[in-house]
Amino acid sequence: SVEKQYPDAGAVVLLDEAIVEVFPRSEHSFSEYLRHTVVKVLNERGLKYANVLIPYDNSSLVEDVRARVILPDGKTVRLSKDEIYDTTLYPDFIFYSDDRARRFTVPGVEEGCLIEYEWRKTINNFSFWTRWDFQHADPVLLSKYTVRCPNDWEIKWKTYGIELKPEIEPLPAGMKANHTWTAVNLPPFREEAAMPPGDRDVAHLMFSSVGVKSWDDIAAWYGEVCAGRMNPDGAIRAKTAEL
């Protein structure tokens, strides 16, 4: 049992998976992100997994939020829609009011239960989601991240803290193929005194945006964004002459 295998853990993440699919749409593309997580709560330290936060902004939409608890006696308690709240992501920082979050607490959680939740986010521009964490503060038995996109797309990716290569589904050019990174039996991430920021050391996967292969590409993009914006207008020239 996971209780005997991980006696020091507050919970065990049995499954943490996400699927990102890209959909072409006239001049732009949008992506859809599906998340599915199952957690076994071992003791009171694992009750924190009942609290779920789903960030989003004005270019994305969170839908189909579902969650349930399977109690040790087999009884199931489901999350109702009126228990899902829409709030600002950073309530203490008014300049970030566009960053929102869907928040909920899975009802009926107790020691020995299973927590399961899933949700879907639609992003109104292309995104691979630039990061996926395989490792968490508690053990993870299975972590999977899948990108579903045209087979001939060149995906720039890199793993940190773990050696992984994707399993790629072979398909004819132009058809969508799955690129899946799978990690199993991951130990909990433990922070140490004076260590670098934890997000650098957690086993994770990162991507570059499509078309970005070097820092020259970043510089070219930045140059286009700034083009003309740093040229002084009449008011600036007049003030400069006055000074």
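Because the model is predicted, local features need pLDDT of at least 70 and side-chain atom pairs count only at pLDDT 80 or more, while totals for chains, interfaces and linings use all residues. Residues are numbered from 1 along each chain as its sequence is written, and side-chain values use heavy atoms, with hydrogens and water left out.

**Whole chain.** Start with a cartoon view, in which 4 helices and 14 strands make up the secondary structure; helices (H or I, at least four residues) and strands (E, at least two) are DSSP runs, numbered from the N terminus. The C-alpha trace spans about 80 × 50 × 45 Å along its principal axes. Of the 243 residues, 37% count as buried, where buried means under 20% relative accessible area, exposed over 50%, and partly exposed in between (1.4 Å probe, protein chains only).

**Loop between S2 and S3.** Next select Lys 48, which forms a salt bridge with Asp 138, their closest N and O atoms lying 3.8 Å apart; a salt bridge is a side-chain nitrogen of Lys or Arg within 4 Å of a carboxyl oxygen of Asp or Glu. This pair links distant parts of the chain, since Lys 48 sits in the loop between S2 and S3 and Asp 138 in the loop between strand S9 (131-133) and strand S10 (140-150), 90 residues apart. Lys 48 is partly exposed, with a relative accessible area of 44%, whereas Asp 138, at 5%, counts as buried.

Stay in the loop between strand S2 (28-41) and strand S3 (51-56) and select Glu 44, which is exposed at 58% relative accessible area.

**Helix H4.** Move to Lys 239 and Glu 242, a salt bridge whose closest N and O atoms are 3.5 Å apart. The two residues are separated by about one helical turn because they lie 3 residues apart in helix H4 (residues 234-242). Lys 239 is partly exposed at 42% relative accessibility, and Glu 242 is exposed at 60%.

**A network to finish.** Finally, select Glu 32, Glu 63, Asp 64 and Arg 120, which salt bridges with shared partners join into one network; the structure holds 13 salt bridges.
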